[in-house]
Amino acid sequence: MSIRVSHVHGEHIAVEAADGTEILRYVYRPDPDTFEARKPYAHPVRTLAGRTVTGYRPNDHRWHKGLQMTASHLSGQNFWGGNCYVHGQGYLPLPERVGSMRHDGFPAFTVEDDRLAFTEELTWVENGGAEWAREERGLAVHSVDEETGAWALDWSIRLTNLRDEPLVFGSPTTAGREMAGYTGLQWRGPRDFTGGTVLAPDTDADADKVMGSQGPWIAFTTEHDEFDGHSTLVFAHAPENLDPNSAIHESHWFVRSEPFPTVAFSWAFFEEFELPPGESFAYRYRVVVADGAWDGDRVGTYLEGLPW
């Protein structure tokens, strides 16, 4: 199925399916509020039927914006946005700790009939203005299939430490808050995903049981408000992410269905890890956006037919 790509330079990139439905908008224009950790994000993200499956600035966490790369605890700085977790004191508004991710350019940008792929260069800047890390980010929209009712977004990151000391990656859990290990690529769903069903391979586990677990994929499905129908999101790791010989640090799932819907590919759920000066790490992820309520067998079969 063909796609149409438009680019408002300095603002955003949008992808439309053949029928004109905008299925992805990637916004790289800096947000106005520094407390929300200025950084690019994908919103709205929609199914081929036009159902929105991302939330933006919800009233409980204004810094949650669609699908975005985050780092909640990084050497004392917050590249997630909003309040900072401090053990023994809870969440505190500490604007002097909130960093940002600066868009520097698109060194590669390819549009084919049925695929968009681009590379983005970014710099992670701590609150005082020091450049801490250089990121090479890759996004690809592909496998847009009207018959299946699904399409796929691949998102990769390669991050290099620019400092003369290690970058220390953590999460609220590594700082003392149990089972709150969110960091890394994070999805925030709209309100009608609240209370949705979470699936994982070979299990009927719910969100609470999947929280903090490991595995190649999880899926999140819901029945929408306003119209009849369901949507399913699948979050999948590239094989090397779970290989202890290739990944810099093991990943765990951060997932909630209540009180709000969210999923993160957490790279520092239970333990901190360090990135030495001049060194890099890399991860690859896939998000499948589908119409309908997919079960575990359908998710598994689909992913097997979509090699990396």
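Figure 1. Glu135 touches Met101, Glu120, Glu121, Leu122, Trp124, Ile157, Arg158 and Leu159, not counting residues up to four places away in sequence; contact means heavy atoms within 4.5 Å. Glu135 is buried, with a relative accessible area of 1%. Buried stands for under 20% relative accessible area, exposed for over 50%, and partly exposed for values in between (1.4 Å probe, protein chains only). The side chains of Glu135 and Trp124 are joined by a polar contact of 2.8 Å. A polar contact is a pair of N or O atoms within 3.5 Å; within protein, one must be able to donate a hydrogen and the other to accept it, and residues adjacent in sequence count only if both atoms are side-chain atoms. From Glu135 to Thr160 the separation is 25 residues in sequence and 6.4 Å in space, C-alpha to C-alpha.

The model is predicted: local features need pLDDT of at least 70, side-chain atom pairs count only at pLDDT 80 or more, and totals for chains, interfaces and linings use all residues. Residues are numbered from 1 along each chain as its sequence is written, and side-chain values use heavy atoms, with hydrogens and water left out.

**Figure 2. The largest nonpolar core and Phe169.** This core has 60 residues, of which Trp124, Val141, Trp151, Trp155, Phe169, Phe235 and Trp267 touch the most other members. A nonpolar core is a set of buried Ala, Val, Leu, Ile, Met, Phe, Trp, Tyr and Cys residues joined through side-chain atoms within 4.5 Å. Neighbours within four places in sequence aside, Phe169 is in contact with His73, Leu74, Trp124, Leu159, Trp267, Ala268, Glu271, Glu272, Phe273, Leu275 and Phe281. Another core, of 14 residues, lies apart from the largest one and has Ala150, Ala236, Ala290 and Leu303 among its members. In soluble globular proteins, nonpolar side chains tend to be buried together.

**Figure 3. The open sheet of eight strands.** The strand order is β9-β10-β11-β12-β21-β17-β16-β15, with antiparallel pairing. Two strands pair if DSSP finds at least two bridges between them. Helices (H or I, at least four residues) and strands (E, at least two) are DSSP runs, numbered from the N terminus. The edge strands, β9 (100–112) and β15 (197–199), each pair on one side only. From one strand to the next the twist averages 15 degrees. Strand β12 (residues 150–161) is joined to β21 by eleven bridges, and the two run antiparallel; the bridge partner of Arg158 in β21 is Ala282. Helix α2 (residues 296–304) lies across β11 (131–145), β12, β15, β16, β17 and β21, and runs at about 130 degrees to β16. Axes are lines fitted to C-alpha atoms, for helices over the stretch in contact, and angles run from 0 to 180 degrees between N-to-C directions.

**Figure 4. Strand β17 and its two partners, β16 and β21.** Seven of the eight residues of β17 (residues 230–237) are buried, so this strand is largely enclosed by the rest of the structure. Strand β16 (residues 217–223) runs antiparallel to β17 and is joined to it by seven bridges; Thr222 has Ser231 of β17 as its bridge partner. The two strands form a hairpin with six residues between them, and Glu226 in the turn has a positive phi of about 75 degrees. With strand β21 (residues 280–291), β17 pairs in the antiparallel sense over seven bridges. Leu233 stands opposite Val289 in β21.

**Figure 5. Strand β5 beside β14.** Leu67 and Met69 point one way from β5 (residues 67–70), Gln68 and Thr70 point the other way, and all are buried. Four bridges connect β5 to strand β14 (residues 184–188) in an antiparallel arrangement. Gln68 stands opposite Gln186 in β14.

**Figure 6. Thr173 in the loop between β13 (167–170) and β14.** Thr173 counts as buried at 16% relative accessibility. Its side chain reaches the backbone oxygen of Arg177 at 2.8 Å. Leaving out neighbours within four places in sequence, Thr173 is in contact with Glu178, Met179, Ala180, Gly181, Phe269 and Phe270.
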